[in-house]
Amino acid sequence: MYFLKAKPMWISGKEKVMNHHIVLKRDVCDLKNTVLYITAAYSYRLKVNGEFGAYGPARTAKGYARVDAISLDRFSGKPAEIIIEASGYNCCSYVCVKQDSFIVAELRKGDEVLLTTSDFKAFENTRAVRKVLRYAGQRHFTEVYDDRNDLFNSQNQETLSVVDSSIKYLDRHVQYPDYNIVNATLSARGGFEFSKERAESRHRGVFNSKSNWGNFDNDEIKFDPYTFVLGSDFSADNNVNLSELKAGEYAVFDLGKLYSGFINWELSAIAESDVVIAYSEMCFDADFEYTTLQARSAIEQLLPIGKSAKFSSFEPYTARFVAVLVKSGCVGLKGVSLTAYEKPRDGVKEYSGDDADLKRIYNAAIRSFCHNAVDLYTDCPSRERAGWLCDSFFSGKAEYELFGNHTVEDNFLENYTLFEKNERLPEGVLPMCYPADVNFNEDSGFIPQWNLWYILEVYEYLTLRNKNADKGRFKKSVLGVLDFFASYENNDGLVERLPSWNFVEWSTANDWTNDVNYPTNFLYSEALLRAGKLFGMDDLIKKAEAIRKKTVELSFDGEKFCDHAVRNSDGILENQPHVSAAAQYYAALFGGIDICSAKYEKLLCHIKENFENLDKENIEFVPVNAFIGFYLGMELLMRLGEKKLLETDIKDFFAETVKHTDTLWEHRYCSGSYDHGFSSYVTLAINYLNKTYL
């Protein structure tokens, strides 16, 4: 039993309220030998005597909750004040499932229950402004705090009630995060001027979710710190005094490299003040600037005169640079830091070679992995924190290579086995990311190809990384995916006109997915083959072979594979003059071809020459982007034994990204996230070069 007495509770009648935050408070005599068992619908933060204790829980499927067991013995020896802050977002997102808010907490000494949820004093968190903008369409809400409100005023005390007794509890499984403190150094200071017109001209696109995702009306929004920063022009002035940072003045701090975690800032209000804390993954041309992350990376805080404390963001973000801007008033700024929120590096397989460039890339890959593998595999620790399929195929390989285990993958895949179909997805289809509530319709609400990557990952998980796992847990989901694809097969047996968001890779190749996309059919054949082998189903293996053969026949012109065929007005499929480098990799990896045979001699030359000598006069050609074409290319070069070419490609591709952030990026150019989990797959390629590949 995870909880002996405690029940899921929330402030009475507020469990469905959007962006509703509560605080639980309790004083205890001593915490010697005590353990706090805790979980929540969304997120919680634990503090003891004002000191950060933990953040959680590990995320999982709807109707379930993973339980943390946190020893509080380190706080023993004196009376203690326990404070638990909990969020009740109640909106759709890529981060976690939407469900009624709840918090469960039980303090125990051995089997003796000392406190349960109902024994805490409960308060509405009046410090957290509720009606604010989304941080990003994929995540929850911007953090705005009004510290002029007395949080623990007796008038704010509320009554808790049981909200859902049907929640099923699960083990956390994964390690507890590292919460190391990283101090930032002052990198710039000066004055700024805000202009509304400037803010509008600099507007950067943010994925604005529709009302059915959960938003507040614009006329309800009083604070927009992100737009304020966009509209501010900075002028350096080293004479600005941080001990009396006045209205119109700023200070920028540099963490030295990109980190993921909770941003901390320490202020004392000399006058009633309004302060904005902005953060960015990179600054290239200014003291402070935003990248194209598509997220509102700013926090706003209102302070009464005399307020002095160290403050922290409630949610984890990703930053290298942090700027503090005083909108009004005057504050003393004592410093900026970050509390890391990442997977511990205990037992990681270090780079053992002597190449300095490869070592730096390898270490950056480890950092990127640890930032994106706290409770499940995520794409990025910033804009989304989403558990995407396909990304997970590469992250699963990386975890096993780096740590020799599959602990995080256990959680990731278990979440998918617990998924129950919802009305937004067709029969058999799995969410493109989970746990999440992606409130699109079928036209854009899922990625068919990601379901195929799920099958590929499950196969490798069960046959290579966790051979003792129960295959039966995955059979329903795997066969459900294949049944869905079978319903789109044409007379040639190839899938055609798949619905929703078709994704081959982040390049123009994604525009070439209608009507019959050949990379998708190669991937489909591979999924059929692996499912057939996994469950001993010969009919699936035969079907895979037939689809492979037909796809090669239709798409290969003797030199290269084209990306897709479109039906003309007579209903005849016609190959289009569109050729992506990614399509060649799909064919070579999943097409069942012998690329070293004479038939594919020209194609092999193009691959080795990075397609530089491909005749592009009568075709539209697109090279690979980072995700996933470059990674497919690395896999192919390893299979071909092309070590020199592989090493050159790795160094050329990653040198710029490592130099700026010491992490690996979503794209091959400066766009999107600068800290992406799938990128850690490069460690396999580097270890292959170093002859230490598992």
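Let me start with a question: is Val 438 buried or exposed? Val 438 counts as buried, because its relative accessibility is 11%. The cut-offs are under 20% relative accessible area for buried, over 50% for exposed and partly exposed in between, with a 1.4 Å probe and protein chains only.

Before going on, the ground rules. This is a predicted model, where local features need pLDDT of at least 70, side-chain atom pairs count only at pLDDT 80 or more, and totals for chains, interfaces and linings use all residues. Residues are numbered from 1 along each chain as its sequence is written, and side-chain values use heavy atoms, with hydrogens and water left out.

Back to Val 438. Val 438 sits in the loop between α5 (407-417) and α6. Helices here are DSSP runs of H or I with at least four residues, strands are runs of E with at least two, and both are numbered from the N terminus. Leaving aside neighbours within four places in sequence, Val 438 is in contact with Ser 93, Tyr 94, Trp 213, Arg 424, Met 432, Cys 433 and Gly 445. Contact means heavy atoms within 4.5 Å. From Val 438 to Val 682 there are 244 residues in sequence and 30 Å in space, C-alpha to C-alpha.

Val 438 also lines the second largest cavity, and among the other lining residues are Phe 419, Asn 422, Leu 425, Pro 431 and Asp 437. That cavity holds about 110 Å³ of space. Its lining divides into 8 nonpolar, 2 polar and 2 charged residues. For the classes, Ala, Val, Leu, Ile, Met, Phe, Trp, Tyr, Cys and Pro count as nonpolar, Asp, Glu, Lys and Arg as charged, and the others, Gly among them, as polar.

The definitions of the voids matter for this audience. On a 1 Å grid over the protein atoms alone, a cavity is a set of points where a 1.4 Å probe fits but cannot get out; a pocket is an open set with protein on both sides within 12 Å along at least five of seven lines; and lining residues have an atom within 4 Å of a point. Points are joined across faces, edges and corners, and a volume is the space filled by probe spheres set on them.

How many cavities of 30 Å³ or more does the structure hold? There are 8. By class, the lining of the largest cavity has 11 nonpolar, 3 polar and 5 charged residues.

The largest pocket contains about 720 Å³ of space. It has 28 lining residues, and Arg 45, Lys 47, Gly 50, Glu 85 and Lys 310 are the closest to its centre. Two or more lining residues come from each of β4, β5, β7 (80-88), β19 (249-269) and β22 (308-312). β22 gives the most, with 4 residues. The class count for this lining is 10 nonpolar, 7 polar and 11 charged.

The second largest pocket has about 420 Å³ of space. Of its 22 lining residues, Arg 383, Glu 384, Trp 501, Trp 506 and Glu 666 are the closest to the centre.

β4 and β5 belong to an open sheet of 6 strands, in the order β5-β4-β7-β2-β10-β12, with antiparallel pairing. β5 (51-56) and β12 (157-158) are at the edges with a single partner strand each, so one side of each has no neighbour in the sheet. Two strands pair if DSSP finds at least two bridges between them. β4 (residues 44-48) and β5 have 5 bridges, and Leu 46 stands opposite Ala 54 in β5.

β25 and β26 are joined by 2 bridges. His 564 lies in β26 (residues 564-567), and its bridge partner is Asn 517. Why does His 564 count as buried? Because its relative accessibility is 3%.
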